[in-house]
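Here is a set of exercises for getting to know a protein model step by step. Try each task before you read its solution.

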Amino acid sequence: MTIPYPPPLTDTPEWSALMNHRPQLDGLPLRELFERDPQRYPRMTLQAAGLTLDYSRNRVTDQTLGLLTALARARGLPERVEALFRGERLNTTEDRPALHTALRQHTDEPVRVDGDDIMPAVSDTLARMETFTNAVRSGERKGMGGEPITDVVSIGIGGSYLGPLTATEALTPFQSERPRCHYVANVDGSDIWETLRSLNPATTLFLVQSKSFTTQETLANARVARQWFLNGGGTEATVQHHFAAVTANADRAREFGIAGDSIFPMWDWVGGRYSLWSAIGLPLALAVGMPRFRELLVGAHAMDQHFRKAPPEQNMPMLMGLLGLWYMHGFGAESQAVIPYDHYLRHLPEHLQQLDMESNGKRVCHDGSPVSHHTGPVIWGGPGVNGQHAYHQLLHQGTRLVPVDFILPLTSHNPVYGHHAMLTANCLAQARALMLGRTEQEVYAAMIAEGMADDEARRLAPHRAIPGNRPSNLLTMEQLEPATLGALIALYEHRTFVQAAIWHINPFDQWGVELGKEIGGQILPALKGEPDAGMALDSATAGQIARFRAAQGSDSGAG
Ligand code: F6P
């Protein structure tokens with residue numbers, strides 16, 4: 001089914017109705033919305049796939065929500081969701097489907113790409129992953145000296161790094177003693193150097209994770225790893241036993257010297273930032289075991305089912321995506337904060353940065369016409385409570401409205417005395433403080449009550465007043481475990497898709513990264529003193545190249 005191109009978003013009656021409604025919210029602060037309706041919280045709470053979304057602290061009325069879901073329907077969102085799951089070629093510039101949902105589908109119901117059912121290959125890869133991880137974790141697959149593998153180093157970047165890293169850290173409580181999992185991404189030599197310095201080549205397994213197997217940073221690090229291994233007693237024969245690859249380009253992996261039975265497939269119909277569920281999740285599976293990896297898939301699938309079946313009014317990814325649009329287009333919000341009140345989720349904002357910003361950082365619609373509005377927000381955040389002592393000042397008293405997603409497991413894996421109650425108190429307090437604020441009159445009265453002189457209280461009141469009326473979502477779960485983590489990451493994948501569908505942009509390509517890569521390839525020879533391609537460089541780049549070469553000393557190859 002080819003979905004017709006909708007009219008420009010800002011030309012639609014549903015957009016106009018929503019924007020015409022916007023001024024009504026100026027006279028309805030969140031304080032008042034809660035005072036008017038004691039049932040606001042239970043009415044604006046939604047469960048799905050082990051997650052609970054409390055969206056009551058959003059600057060919306062029932063009418064707002066109705067206008068948002070009307071916009072979603074007018075943009076064909078339910079039909080586009082169906083098209084996504086059915087493998088329509090929604091990645092229109094690369095003429096590909098985006099079937100990360102098939103990776104966690106778990107049933108053998110056929111999903112076809114070019115007429116071929118892809119599910120046998122998905123199941124086969126999961127079975128191969130299981131055999132491989134069991135062999136490594138049991139010690140059956142040994143290193144060159146006959147010892148079990150103690151450490152796995154995953155070499156990859158972007159989607160071949162951030163998803164597995166985030167999930168491995170998130171599931172720390174489920175990790176086994178062996179193998180320990182390490183991640184190398186950056187081509188800053190310090191990254192791989194710091195990782196390898198404490199490892200033993202005889203008991204280290206490398207995973208080269210790269211869908212294209214052409215990413216410069218990853219190949220450079222893989223070569224260093226290979227040389228480190230050979231310098232540490234390895235041989236061309238034993239390299240085979242210490243290197244595996246996950247890639248859509250098996251030929252290049254074999255050229256690198258990785259044996260065919262240690263190469264796991266990826267497919268063009270899975271985007272890098274959506275590939276955690278594929279063999280790119282191998283380091284995670286090695287760290288926590290295949291059963292836990294399958295539980296992750298189960299959780300993501302439960303969120304898929306919810307996303308595919310629930311009407312917009314009861315649909316968690318749709319509501320979160322629509323609320324994000326509301327703040328962007330109705331309130332001028334330029335960013336979205338994601339603040340997990342959980343140490344193990346501290347990398348989640350980084351993963352969501354790539355997921356959302358590389359998907360929706362676009363400026364033209366599917367048909368190439370320029371958008372007439374902002375698209376993807378800046379995604380940022382970090383673990384609570386740490387942010388309270390870093391950037392929450394801006395959230396509370398800054399001039400910008402920054403919508404916040406708080407994430408909070410209700411039980412901790414490590415019930416250190418009283419800590420989880422304190423963590424939870426802080427999370428709930430931040431959401432309440434953002435909503436409630438404190439007026440100048442209230443802060444003045446509080447200072448007077450503390451005995452402050454009137455003139456001092458009047459002087460300080462404007463500085464201490466907190467505007468409040470700032471929106472947040474609160475996502476909770478009983479505990480952070482493989483299934484709830486899978487549901488959480490799938491939730492954000494679908495939230496990203498919802499916004500792209502409303503904007504009618506392609507969330508599955510990333511042409512914007514190509515120019516930088518190309519220029520990098522032109523500059524590198526000049527930095528090394530090799531004859532450059534005679535390119536005409538701007539004075540700043542040429543000047544910096546000269547400074548770099550001077551800093552390396554007279555020899556031309558360093559650096
Ligand atoms: O940043 C561009 C990009 O292609 C990402 O989309 C991708 O996740 C990353 O580079 C790594 O690509 P590969 O897995 O092909 O090495």
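**Before you start**

This is a predicted model, in which local features need pLDDT of at least 70 and side-chain atom pairs count only at pLDDT 80 or more, while totals for chains, interfaces and linings use all residues. Residues are numbered from 1 along each chain as its sequence is written, and side-chain values use heavy atoms, with hydrogens and water left out.

**Exercise 1. Find the order of the strands in the five-stranded open sheet, and say which strands stand at its edges.**

Step 1. Two strands pair if DSSP finds at least two bridges between them.

Step 2. Reading across the sheet gives β6-β5-β7-β8-β9, with parallel pairing.

Step 3. The edges belong to β6 (180-184) and β9 (263-265); each has a single partner strand, so one side of each is left without a neighbour in the sheet.

Step 4. On average, neighbouring strands here are turned by 20° against each other, direction ignored. For such angles, axes are lines fitted to C-alpha atoms (for helices over the stretch in contact), and angles run from 0 to 180 degrees between N-to-C directions.

Step 5. Look at one pair in detail: β8 (residues 243-247) runs parallel to β9 and is joined to β9 by three bridges. Within this pair, A245 stands opposite I263 of β9.

**Exercise 2. Describe how α1 packs with α4.**

Step 1. Helix α1 (residues 13-21) and helix α4 (residues 62-74) have axes 9 Å apart and pack at an angle of about 160°.

Step 2. That makes α1 roughly antiparallel to α4. The scale is this: angles under 35 degrees count as roughly parallel, over 145 as roughly antiparallel, 65 to 115 as roughly perpendicular and the rest as oblique.

Step 3. The crossing of α1 and α4 is left-handed, meaning that the near helix is turned anticlockwise from the far one by less than a right angle (clockwise would be right-handed).

Step 4. On the α1 side, E14, W15, A17, L18 and H21 take part, and they meet residues of α4 including L67, L68 and L71.

Step 5. Sorted by type, the contact of α1 with α4 has eight nonpolar residues, three polar and one charged. Here Ala, Val, Leu, Ile, Met, Phe, Trp, Tyr, Cys and Pro count as nonpolar, Asp, Glu, Lys and Arg as charged, and the others, Gly among them, as polar.

**Exercise 3. Work out whether α13 and α20 are parallel or oblique to each other.**

Step 1. The axes of α13 and α20 come within 7 Å and cross at roughly 40°.

Step 2. The two helices α13 and α20 are therefore oblique to each other.

Step 3. In this case α13 passes α20 in a right-handed crossing.

Step 4. Among the contact residues are L296, M303 and F307 of α13 and L485, L491 and F497 of α20.

Step 5. The contact of α13 with α20 divides into 12 nonpolar, three polar and three charged residues.

**Exercise 4. Are T203 and N91 buried or exposed?**

Step 1. Apply the cut-offs: buried means under 20% relative accessible area, exposed over 50%, partly exposed in between (1.4 Å probe, protein chains only).

Step 2. T203, found in the loop between α8 and β7, has a relative accessible area of 4% and is buried. Leaving out residues up to four places away in sequence, T203 touches E147, P148, I149, T150, D151 and H242.

Step 3. N91, found in the loop between α5 and β3 (112-113), is buried with a relative accessible area of 3%.

Key. Helix = DSSP H or I, 4+ residues; strand = E, 2+ residues; numbered from the N terminus. Contact = heavy atoms within 4.5 Å.
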